[in-house]
Amino acid sequence: MNDALLVVVIVVALGFDFTNGFHDTANAVATSVSTRALSPRVAVLIAAVANLAGAFVTTAVAKTVGKGIIDTGLANTKTVLAALIGAIAWNLLTWWLGLPSSSSHALIGGLVGAAMAQSWTKGVQWHGVAHKVVIPAFVAPTLAFGVAFVLLVLIYWIFQRMSSSAANRTFRIGQLASGTFMAYTHGANDAQKTMGVIALALFANGSIDHFYIPAWVKVAAGLAIALGTYVGGWRIMRTLGQRLYKMEPENGFAAQAAAGATIYAATKYGYPLSTTHVISGAVLGAGATQRLSAVRWGVAGNIVVAWMLTIPAAAAVAAAFYWPIQGIF
């Protein structure tokens, strides 16, 4: 039964990775598509390949998720399964509503909720949640906002003598690079979260004698998120790429470059960021260079509400599923 449950957990984890890919497709390609730098299908294909490449960068984030959020000595495969179901349920709901909420925070919330259902507060490493998740959740989008704002001001200053048609051509080409970089860093940060969860399940089941990320787990997680990215998340792409404000190629380039740099730095240090939070902050920073009224703050407010609800909502769903899972298995 334990091995059968482990197989179920791995399949569900890869399913979560797939939903992460199609839920977060917009993160990497919405700005490229909205500025007409790339066609939707080409942009999604590039993002899928870059996501797959990024999955093999490092395992720092995977280790944070796998052993820095909940107590690995108390968790078991049932805990992990409940966490994944909570995360997937929230991902699907927000995808259906077209809200760019965080797949990462849905997974963190699922882990916290399932661990609390199993072992109450002692099952959660609260210091890790605070310092690796909550604080970066506020710092990273703010940093991306500032970097995008400053970068776009510099772009306007440096290229002020360039004609608008020449600037559009230049930055549409630039978005090919910045969008690919953004997708690469997305794969580096997000695919690792599923790697960490699968490794946690393997360790809890006794299939590995110490916590590490097996090579086959890296490959499977990278392929799952790449496939999900190729399927595409068109509902969320419209919100992020068009409804926040009308973007031009230079805005898209600055937003993608700022978000990619922020995510890359965080990945190196093992912070499981919400790439949705970061690119949204960068998009708003780029938009604010025009005038504050250029940004549709009401839409931005709805996104923030979705962010704030994600961890507790996914935690509640995961906790609710823990008890039926306990009875079935």
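User: Which helix holds T64?

Analyst: T64 sits in helix α4, residues 60–67. A helix here is a DSSP run of H or I with at least four residues, a strand is a run of E with at least two, and both are numbered from the N terminus. This is a predicted model, in which local features need pLDDT of at least 70 and side-chain atom pairs count only at pLDDT 80 or more, while totals for chains, interfaces and linings use all residues. Residues are numbered from 1 along each chain as its sequence is written, and side-chain values use heavy atoms, with hydrogens and water left out.

User: Why is T64 called buried?

Analyst: Buried means under 20% relative accessible area, exposed means over 50%, and partly exposed is in between (1.4 Å probe, protein chains only). T64 has a relative accessible area of 9%, so T64 is buried.

User: What does the side chain of T64 reach?

Analyst: The side chain of T64 comes to 2.7 Å from the backbone oxygen of G270. A polar contact is a pair of N or O atoms within 3.5 Å; within protein, one must be able to donate a hydrogen and the other to accept it, and residues adjacent in sequence count only if both atoms are side-chain atoms. With neighbours within four places in sequence set aside, T64 is in contact with I69, K132, G270 and P272, where contact means heavy atoms within 4.5 Å.

User: What makes K132 count as lying over the face of Y271?

Analyst: The rule asks for NZ of Lys or CZ of Arg within 6 Å of the ring centre and within 35 degrees of the ring normal. K132 is 4.7 Å from the ring centre of Y271 and lies over its face.

User: How many aromatic pairs does the structure hold?

Analyst: There are four aromatic pairs. Rings of Phe, Tyr and Trp (its six-membered ring) pair if their centres lie within 6.5 Å; planes under 30 degrees apart count as stacked, over 60 as edge-to-face and the rest as tilted.

User: Why is the pair of F171 and F253 called tilted?

Analyst: The ring centres of F171 and F253 are 5.6 Å apart and the planes meet at 55°, so the pair is tilted. F171 belongs to helix α8 (residues 164–205) and F253 to helix α11 (residues 249–268), so the pair ties together parts 82 residues apart in sequence. F171 is buried at 6% relative accessible area, whereas F253, at 22%, counts as partly exposed.

User: What makes F181 and Y264 a tilted pair?

Analyst: The rings of F181 and Y264 are 6.4 Å apart centre to centre, with 45° between the planes, and the pair is tilted. F181 is in helix α8 and Y264 in helix α11, so this pair ties together parts 83 residues apart in sequence. F181 is partly exposed at 31% relative accessibility, and Y264 is partly exposed at 35%.

User: What makes a set of residues a nonpolar core, and how many residues has the largest?

Analyst: A nonpolar core is a set of buried Ala, Val, Leu, Ile, Met, Phe, Trp, Tyr and Cys residues joined through side-chain atoms within 4.5 Å. The largest has 52 residues, and those with the most contacts inside it are I69, L84, L107, L111 and M195. Another core, of 20 residues, lies apart from it and includes L152, M182, A259 and I263.

User: How many helices and strands are in the protein?

Analyst: The protein has 13 helices and zero strands. Buried residues make up 57% of its 329 residues.
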